[in-house]
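Here is a friendly briefing to read alongside the structure. Please keep the sequence and the 3D view at hand as you go.

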Amino acid sequence: MAGTETTPAPGTAEGDLAGLEAGLDALDAVQERRTPFGQVLLHKVLPPVTAVLLVLAVWKLLVVAGVTADYKLPDPSAVWHSLRGLWLDGTLLGIVWTSVSRGLLGFLAALAIGTPLGLLVARSAFVRAAIGPILSGLQSLPSVAWVPAAVIWLGITDSAMYAVILLGAVPSIANGLVSGIDQVPPLYLRAGRTMGATGARGAWHVLLPAALPGYIAGLKQGWAFSWRSLMAAELIASSPDLGLGLGQYLENARTDSDMPGVLLGILLILFVGIAIDLIVFSPLERRVLRSRGLAAAR
Amino acid sequence: MAPALTTGGSARGAVEDGAPAAAVRIDHVHKSFGRPGDRRSVPVLDDITLDVRPGEFVCLLGASGCGKSTLLNLVAGLDRPTAGTIEVPGGRPALMFQEHALFPWLTAGRNVELALRLRGLPREARRAEAERLLDLVRLGGAHRKRVHELSGGMRQRVALARALAQNSRVLLMDEPFAALDAITRDVLHHELTRIWSETSLSVLFVTHNVREAVRLGQRVVLLSSRPGRVAREWTVGLPQPRRIEDAAVADLSVEITEELRGEIRRHGRH
Ligand SMILES: Nc1ncnc2c1ncn2[C@@H]1O[C@H](COP(=O)(O)OP(=O)(O)OP(=O)(O)O)[C@@H](O)[C@H]1O
Ligand SMILES: [Mg+2]
């Protein structure tokens, strides 16, 4: 029968609806398209490369124009020579690794402390009233302010470095988790409750996964704070027995009035901070957000 | 404890005072928000008495804001009545929210599996059972799909599968199809009545759409507004594969709509 669409007979209602349903689903289904490699290159790689080249060009221009003395603003090539020198000495990777390993280890410790602390603040009204404001206040305290105290307590040691990292990163991580939990839509919690997810099961199956985006934002910021705090600590509390990290390298270059070295130190610190973020945290964040449909595929 | 009142006082047709008389028993329930004694606290529900018999499909109808969601939340145990009692002898009911309330960090299949897991089903059985439930709502291929990759109608169907996964004796549904287009809604009505007739599920279905209520329910209960009271109820005697465009459905809808209009008009006179 050709006329089923116009005159639905009662006997074919079932078949009618099944057909309708398939049609609706086909219409509804999301179509996803992968961006071609050339597009990625054009939209993701080209802009930052252009920006860096532009900065280098302006820098070079300023040097050529002789805006200021050579020892204040060295030629870009002088910085390049410093880098090459470090590489040929075989010390470059060692310097970077000393700082990066300290930073990551400190970050992991901050993670281990900040996570339960955040949970406690988010879930207990008493703890929140007691230390919540202090915890968010600590975020605005520059962690470099802790360096003198850490040095007096612990001496110029690795422990002092870690103490400064912890004081900088723990509040960020804890606060990230707290705001992640606070922003969980109540609907999810109610849905969980009707399914029997209460107490610890509710926390594990509903609350924590729902709070994950806020938590990861906290981790990201926690890393930035770890790295910043560590560099401050290395700069101020540098000592030969500590092993040469990026902060000490920078401080040594300053005492030697080695401006290319100073600039190289700054650039390396910047580079490491960006690299860890790009390698670890941004992909993690993107994955979580995208799997929830929270980030448009840009 | 409040004195145990028998259901005999209500104007409803005779319910046998036998063993499992009700799947849901709502007994003289009052609900107001805000602290008791606070002058701003207005009663939302006033003396609601309503039973859902085992295997019955009851539609709860009322104007927006009359307290339908509030009542369902009370039955689901998400909130407590100010006075009166609610009993659900068969254990925790499943609740399907107006918004799908699926967890976006899980795939469609995992959402269903989570409900199975919380119900205590062992790991090996979960996967197959989730497949079965998704098939039941005709979403067999959607197991690995993310929630945001599904259309509104598909999401509601996954939510239905998740609610069914709880294996509750009672299913509470809060305007589950309100946001859908007429055709999709039609399809889901058909599926819901099919699933209901194949199981011994009791359903309390909230809607403000009169035709939907008549299309689905064995009984339609009209709530008045401010405060919410049971205004009237109808028994729908039509046999079940109904369609929303059936003449008999339309006739009864007209009658109920007239009554609903009257209810709403009553407020305008004050
Ligand atoms: N948590 C709350 N606090 C105070 N008032 C509330 C609260 N929840 C609901 N109300 C009030 O109770 C009344 C009934 O709300 P409810 O959500 O139950 O209405 P509804 O019948 O489900 O309406 P709709 O059809 O629009 O969903 C409304 O007037 C609302 O303002
Ligand atoms: Mg509602």
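In this predicted model, a polar side-chain atom of Ser69(B) sits 2.6 Å from an oxygen atom of ligand 1. The protein covers 57% of the 640 Å² of accessible area that ligand 1 has on its own. From there, the briefing moves on to the interface of the chains and then to salt bridges.

**Around ligand 1**

- Ser64(B) also approaches the ligand: an N or O atom in its side chain is 2.5 Å from an oxygen atom of ligand 1.
- Gly65(B) takes part through its backbone, with an N or O atom 2.8 Å from an oxygen atom of ligand 1.
- The residues surrounding ligand 1 include the run Ser64(B), Gly65(B), Cys66(B), Gly67(B), Lys68(B), Ser69(B) and Thr70(B).
- Also among the surrounding residues are Phe33(B), Val44(B), Gln98(B), Glu175(B) and His208(B).
- H1(B) gives the most to this shell, with three residues.
- By residue class, the shell around ligand 1 divides into three nonpolar, seven polar and two charged residues.

**Where chain B meets chain A**

- Chain B brings 38 residues to the contact, and chain A brings 30 residues.
- Together the two chains bury about 3200 Å², with 62% of that area on carbon and sulfur atoms.
- Three residues stand out on the chain B side: Leu78(B), Trp105(B) and Leu118(B) supply 23% of the area that chain B buries against chain A, more than any other three residues.
- Looking for polar links, you will find five residue pairs in polar contact between chain B and chain A, counting pairs with both residues at pLDDT 80 or more.
- Helices H1 (68-76), H2 (108-119), H4 (152-165) and H5 (182-198) of chain B each supply at least two residues of the side that touches chain A.
- H5(B) provides the largest share of that side, seven residues.
- The side of chain B that touches chain A divides into 19 nonpolar, seven polar and 12 charged residues.

**Salt bridges**

- How many salt bridges does the rule find across the interface of chain B and chain A? The count there is zero.
- Over all chains, the structure holds 18 salt bridges.
- Within chain B, the side chains of Arg219(B) and Glu56(B) meet in a salt bridge at 2.6 Å, N to O.
- This pair links distant parts of the chain, 163 residues apart: Arg219(B) belongs to strand S8 (residues 219-223) of chain B, while Glu56(B) lies in the loop between strand S2 (43-52) and strand S3 (57-61) of chain B.

Conventions
Residues numbered from 1 in each chain as written. Chains lettered and ligands numbered in written order. Predicted model: local features only at pLDDT ≥ 70, side-chain atom pairs only at ≥ 80, totals over all residues. Heavy atoms only, no water. Contact = heavy atoms within 4.5 Å. Buried area = accessible area lost by both parts, 1.4 Å probe. Salt bridge = Lys/Arg side-chain N within 4 Å of Asp/Glu carboxyl O. Polar contact = N/O pair within 3.5 Å; in protein donor to acceptor, adjacent residues only side chain to side chain. Helix = DSSP H or I, 4+ residues; strand = E, 2+ residues; numbered from the N terminus. Nonpolar A, V, L, I, M, F, W, Y, C, P; charged D, E, K, R; others polar. Near = heavy atom within 4 Å. Areas by Shrake-Rupley, 256 points an atom, 1.4 Å probe, with all protein chains shown as cover.
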